[in-house]
Amino acid sequence: MAQKEDFEQSITQTAEPKKKKSDRKSDRFSLALDFRRNTELYFIFIPVLLYYLFFHYFPMYGAVIAFKDFAPSRGIAGSQWVGFKHFISFFSSYYFWPLIRNTLVLSISNLVFGFPAPVILAILINELRSKSYARVVQTATYLPHFISLVVICGMIVQFTRDNGWITHLLTLFGMPRQTMLNNKDLFVPIYVISGIWQESGWGSIIYLAALAGIDQDLYEAAEIDGANQFQKILHISLPGILPTIVILFIMRVGRIMSMGAEKVILIYNAAIYDTADIISSYVYRRGIIGTDWSFSTAVGLFNSLVNFILVISVNTLSRRLTEMSLW
Amino acid sequence: MRKMTKGEKIFNVFNVLILLALVLVTLYPVLYVIFVSFSEPMKFMKNTESFLLGPVGFSLKSYEFVFKYGTIWSGYLNTIFVVVVGTSINMVLTIGAAYVLSRRQLGARKFLTVAILFTRYFSGGLIPSFLIVRNIGLMNSLWALILPVAVNTFNLVIMRTAFDGVPESMEESAKLDGANQLTILVKIMVPLVIPTIAVLILYYGVYHWNSWFNAHLYIRKRNKYPLQLILRELIIQNSSANDVGLSSDDDAFLSETIKYSTIVISTIPILLLYPFLQKYFVKGVMVGAVKG
């Protein structure tokens, strides 16, 4: 709740100059006055306010169990304080570094291979002369985005079993026959490639929009100067969408430690925890399955803090260096 | 237009071919699922490795079985309930909140906006949220799939951007006529942002149809399972169709093709609607991109 008050303060401060411009008598923000003036708006907002308080801010308070030995029978407030015990036990545990490494390897592989794919796809689609063919390509490549994650992962599991068609196809190229998801070296490639397959098309939309926004005169002028198609891509298309690329890249880098658990949980198994287990899936297993509430909350809170710091720093850095930022 | 050079002609031909290959690679896994779902169960069992260009044999047997057994229907009903009720609640709350946050006369506007956006960057984590939902008695209730995701912050921002785009004069004239805020919202503002509302209904609807993780956390009773949980048991945990209640013992050989028929049956609504609604989905990306 301390955070909330901080916000209130910072907001009252930043909001002041605006109100001076308006014809309000008082230049201090007064909740009572604002409420009286906009009663109807406040009432419309109440359900949503309650939603955010209960399902977002209350869990932030609930995260104090990371510093306690939480027992459901005693409740959050009644449980015993234990300080940093759970954090220390996590940092000194055997799992700490492997989890950090797995999370980073998965996330960075996903970024390095997954990020350029939609950019390239968008440029290729943009170069098509036939607009109806372009539409066909778009419709087909967007499609996997709408298939549920469970079905996608089910397809992965079935197709890469020792008798699945993808496994069979790869044995023709010399891979030993195996249930691919039981091989710890294959988890990251399977995760990343299936992600590229599912999301590249959808991801290309935003770049296509940026490409469509480039002034067509630039291309004509370049043609008159004798530029060929490759030069136009290199010197007009790419620089034209560079701001979009940069801002999306910043967002991705800021989230590099916040890999979600869902897809990992769906396709990993105990045989490949060595490479497949990441922080969020570990939290899920220790907490939801192992009911080790306080410990898993501590791991989750550590992860949340790292993510938050990363987003803020990447954003600040980018504002300094490129004058582009999320806020 | 000037003539293309030879190099450019070659590039264009290659570009068309590369993209054709990409389209085929993208669609093949989906087609494969459809092929298997229509295959003769016995023949497919002997053929699970081959690269299929059509169903192996042709049979509707696995569909017959999926239709005959109850689990898939209760899954369908549960999913439809969550999609309809969940999306309705999503829309009412999102529209209301977005409208309020777009009103410049509201002094607390900036504070509320920051407080909401903050939740996109920081959270208490999975475990406290889980404990809270469990404590308020939502275990095994479909409401656990609706209330904790009653508003999506990203969609809220899209909606607010739409209201921001409506000229202020529209509201002023309504106020002179003595309309209150709720009337202004429902009678004047909502009709002006119908395209964005359509986009968000689709986003929320598809989200509810496809989501599984909350159900996995909160729903343990099989008769409350939404479709995606049934699918997970069947195709990921490789339970036999029998375990999930889809077939009887003497049809063991059906168990493989049944998986694929179930995928098709539970994905068909989206596959059928998608081509017609594609442009709305795409529009949402554009609006969302302006202010992420």
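Some ground rules. Residues are numbered from 1 along each chain as its sequence is written, and chains are lettered from A, with ligands numbered from 1, in the order in which they are written. As the model is predicted, local features need pLDDT of at least 70, side-chain atom pairs count only at pLDDT 80 or more, and totals for chains, interfaces and linings use all residues, while side-chain values use heavy atoms, with hydrogens and water left out.

I start with chain B. Chain B has 13 helices and zero strands. Here helices are DSSP runs of H or I with at least four residues, strands are runs of E with at least two, and both are numbered from the N terminus. The radius of gyration of chain B is 25 Å, well over the 19 Å that the globule rule gives for 292 residues, so chain B is more spread out than a compact globule. That radius is taken over C-alpha atoms, and the rule is 2.2 Å times the number of residues to the power 0.38. The C-alpha trace of chain B spans about 75 × 70 × 35 Å along its principal axes.

Of the 292 residues in chain B, 55% count as buried. Buried means under 20% relative accessible area, exposed means over 50%, and partly exposed is in between, with a 1.4 Å probe and protein chains only. Take contacts in chain B between residues at least 6 apart in sequence: 71% of them join residues at least 24 apart. A contact means heavy atoms within 4.5 Å.

Next, the helix pair. At what angle do helix 9 of chain A and helix 12 of chain B pack? The angle is about 5°, and the axes are 9 Å apart. The axes are lines fitted to C-alpha atoms, for helices over the stretch in contact, and angles run from 0 to 180 degrees between N-to-C directions. The two helices are therefore roughly parallel to each other; that label covers angles under 35 degrees, with over 145 roughly antiparallel, 65 to 115 roughly perpendicular and the rest oblique. On the chain A side the contact includes Val150(A), Cys153(A) and Val157(A), and on the chain B side Leu231(B), Arg232(B) and Ile235(B) are among the residues involved.

Asn238(B) is partly exposed, at 30% relative accessibility. Leaving aside neighbours within four places in sequence, Asn238(B) contacts Val157(A), Gln158(A), Arg161(A), Glu233(B) and Lys259(B).

Now two backbone cases. Most residues other than glycine have a negative phi. Thr291(A) has a positive phi of about 45° although it is not a glycine. Thr291(A) sits in the loop between helix 16 and helix 17 of chain A and is partly exposed, with a relative accessible area of 46%. Asn140(B) also has a positive phi, near 60°. Is Asn140(B) buried or exposed? At 18% relative accessibility, Asn140(B) counts as buried; its place is the loop between helix 6 and helix 7 of chain B.

Last, His86(A), in helix 5 of chain A. His86(A) is buried, at 7% relative accessibility. Not counting residues up to four places away in sequence, His86(A) touches Ala66(A), Lys68(A), Asp69(A), Ser294(A), Phe295(A) and Ala298(A).
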